[in-house]
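Below are a few friendly points to read alongside the model.

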Amino acid sequence: MSHPRIDPEIRSLMRPLTSDERGRLRAQIEADGCLEALVLWSNAPEGPTLVDGHNRLGICDELGIEYSVVEREFEDRGAVIRWIIDHQLGRRNLTPKEYRYWVGKRYEAEKREAADTLRQNAPRGQNDSAGR
């Protein structure tokens, strides 16, 4: 399998690891290998794109350690972002600050999708500011 594509917008959703967190992850991968599969958006328009596992991928590349992938199909970029947010909110070890961050990201995504739906359903020649 070829190296998965990294999408800057998807990557930017994740906060960078602290040096301590990255060191612990690296030590764990060195000792046990990459135990959790990376998640790929298999039907992305630009080709298979990494959705989950950016830090693990980087460390595996540095160490020359093999990793497994799980391929998932998503309807569109919005579905990918919703999946990432829901996946992160499901983590047990989120701090209150991280939890608020992900709830805010979910709100932004829902707001963007609602605006897109309004634009798509507006009668021709009108936009969402019509009638104001």
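This is a predicted model: local features need pLDDT of at least 70, side-chain atom pairs count only at pLDDT 80 or more; totals for chains, interfaces and linings use all residues.

1. C60 itself is buried, with a relative accessible area of 1%.

2. What about the view from C34? The closest cysteine sulfur to that of C34 is the one in C60, again at 3.9 Å and too far for a bond. C34 also counts as buried, because its relative accessibility of 12% falls under the 20% limit. By the distance rule, the model ends up with zero disulfides.

3. Now to the sheet. In what order do the three strands lie? The order is β2-β1-β3, in an open sheet with mixed pairing. The edges are taken by β2 (49–52) and β3 (69–72); each has a single partner strand, so one side of each has no neighbour in the sheet. On average, neighbouring strands are turned by 40° against each other, direction ignored.

4. Strand β1 covers residues 38–41, and β1 and β3 run in the parallel sense, paired over four bridges. To find this pairing in the viewer, look for V39, whose bridge partner in β3 is V70.

5. Which strands does α3 touch? Helix α3 (residues 54–63) packs on the sheet with contacts to β1 and β2, and its direction makes about 115° with that of β2. Helix α4 (residues 77–89) packs on the sheet as well, touching β1, β2 and β3. The direction of α4 makes about 30° with that of β2.

6. Helix α4 comes up again at the second largest pocket, where α4 and α5 (96–121) are the elements that give two or more residues to the lining. The space in this pocket is about 230 Å³. How many lining residues come from α5? The helix supplies six, the largest share of the lining.

Definitions and conventions:
Residues are numbered from 1 along each chain as its sequence is written. Side-chain values use heavy atoms; hydrogens and water are left out. A disulfide is a pair of cysteine sulfur atoms within 2.5 Å. Buried means under 20% relative accessible area, exposed over 50%, partly exposed in between (1.4 Å probe, protein chains only). Two strands pair if DSSP finds at least two bridges between them. Axes are lines fitted to C-alpha atoms, for helices over the stretch in contact, and angles run from 0 to 180 degrees between N-to-C directions. Contact means heavy atoms within 4.5 Å. On a 1 Å grid over the protein atoms alone, a cavity is a set of points where a 1.4 Å probe fits but cannot get out, and a pocket is an open set with protein on both sides within 12 Å along at least five of seven lines; lining residues have an atom within 4 Å of a point. Grid points are joined across faces, edges and corners, and a volume is the space filled by probe spheres set on the points.
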